Amino acid sequence: MASSDPHARPVAAPAAAPLAAFASLLLARRFGAAKSMLPSLLTPSLLAVPFADLAAASLPRAAPQHAVAAFHDMLFRAYADAGAAERAAEAADLTVSRLGRVDPRSLTSSLISLRRAGHLLAAAEILNKALASYPDSVTPLSASVVVDGFCKAGRMDDARRLLDEMPSRGVRLNACCYNPLLDTYTRQKNDGRVAEVLKEMENAGVEPTVGTYTILVGGLSKAGNISKVESVFDEMKRKSVAGDVHFYSAVINAYCRAGNVRRASEVFDECVANGIEPNEHTYGALINGFCKIGQIEAAEMLLTDMQLRGVGHNQIVFNTMIDGYCRHGMMDKALQIKGVMEKMGIELDVYTYNTLACGLCRVNRMEEAKTLLHVMAEKGVTPNYVSYTTLISIHSKEADMVEARRLFRDMEGKGSRPSAVTYNVMIDGYIKNGSIREAERFKKEMDKKGLVPDIYTYAALVHGHCVNGKVDVAMRLFEEMKSKGTKPNVVAYTALISGLAKEGRSEEAFQLYDDMLGAGLTPDDALYSVLVGSLHTDNRKDVLT
């Protein structure tokens, strides 16, 4: 519909026809039909036109209030949905100019859309204008959208400033405004900040929601503080806050992480008894708990129960079952799950392949593991450092250090940085294949790259030098390991004690044996026999006199 205003600027021709039809629908109160036109309206040519021009050209001055309000509201939302931050801001300003406010639901929706499109600062600017000019349009939910965005972006000071400003603008805060802060601080393991926010909520009379409790349980679970999880659970019940599936899933996961699968099962039953349908995360947490304690049959029963309840099996649940089977050497069962996933069209990710390959290696089915990892690459799944480390380990055990080294360099070239575990595999492989010099070179390379040698690095090198008759070198490494705060394990002690004993250095060997016992480590009988034998070969002639 053409404007009757002689001073209105004309709209580019491509946009005129659809805008006229759109405005006609609004005038006729056919809002649903008008809304359905929005996707076709948002062409590049339309987005290039300032909103004021579109409004002036599309609506007559005498247009009824319902048409004006709907036009401004729908275009505001449409701009935000399209990620057109500048046009959305223009629409918001003109809406306030003509109507005095922005619809609260439209403001929230638009802020969400702009944030999703990566325009967090534009969303914050619109919200700040709303707080300054039309605070009645701002709800706790709309504010929480920007607060959450700031928190996710690590801009905690901006989030705090926004929260501090809102009460002075007459916006009453609720838990959804504070939850993003709590979530961020719990992920950062910043207990002091978490306590501050909870105290601030209490002082402001803001009651925690089920979302608040879910965040707290998740943080406490990761910290291994199961007693506080129980306290949170009890507090929630005292305050008659109803749990939802996300809360129950978090609590079940917490108990499973703590090894109390029996209590996790009781919480699962409570969840069902309260009429809350478990989802794939609820089942996944409990299945994982049963798998970790070796109760595979119970995990299988839960998998069946999922199917009976119509809860879809997803990648995470199947990966959890595969991991459980692999941990207990049930490789045929694990491979069956893989087959089921393929039939159902569920993607096998790098974790699935790595778990299966590692499981096959543990039961000495090396060729199958190699084939599986090659198939993974052929199917376009990018190998990670675990995939490469597994293949390197296989070739090392097969005494093919040439191929192991080629893979090691290949993974570096493909952006998969070797870990300390990868270096340990190379070091151990060279030692077992009689090349202590190459093993030492890899240890030096670790140091240069800033990777800290661990107990397995040192134990392998101590063993390697002892086998090669270089006990003094092994002793220096042993002392270096202790000076860097790494506690020797049974392998390191046993290798060095055996090396000293074979050289007839029984006094040093027995001293190290006492140190080993003092560290709470248990030697085997063979080591004691080696020590006794060393008394007869001691380099000092007066040992037995």
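In this predicted model, helix 30 covers residues 506-518. Five residues of helix 30 are buried: Ser506, Ala509, Leu512, Tyr513 and Met516. Viewed down the helix axis, these buried residues fall within an arc of 125°, so they line one face of helix 30. An α-helix has 3.6 residues a turn, so residues three or four places apart point the same way. Glu507 and Gly518 lie on the other side of helix 30 and are exposed. Gly520, just after the helix, takes a positive phi of about 80°.

The largest nonpolar core holds 104 residues. Within this core, Ile497 is among the residues that touch the most other members, together with Leu286, Ile287 and Leu496. Helix 15 (residues 245-257) supplies the largest share of the core, nine residues. A second, separate core has 70 residues, including Leu25, Val96, Leu162 and Cys177.

Helix 14 (residues 226-238) also has 13 residues. From first C-alpha to last, helix 14 reaches 18 Å, close to the 18 Å expected. Its buried residues are Val229, Val232, Phe233 and Met236. They cover an arc of only 100° around the axis, which puts them on the same side of helix 14. Their cover includes helix 13 (210-222), helix 15 and helix 16 (261-273). Just after helix 14, Ser240 takes a positive phi of about 55°.

Notes: Residues numbered from 1 in each chain as written. Predicted model: local features only at pLDDT ≥ 70, side-chain atom pairs only at ≥ 80, totals over all residues. Heavy atoms only, no water. Helix = DSSP H or I, 4+ residues; strand = E, 2+ residues; numbered from the N terminus. Expected span 1.5 Å × (residues − 1). Buried < 20%, exposed > 50% of the residue type's maximum accessible area, 1.4 Å probe, protein only. Arc of directions from axis to C-beta. Core = buried A, V, L, I, M, F, W, Y, C linked by side-chain atoms within 4.5 Å. Contact = heavy atoms within 4.5 Å.
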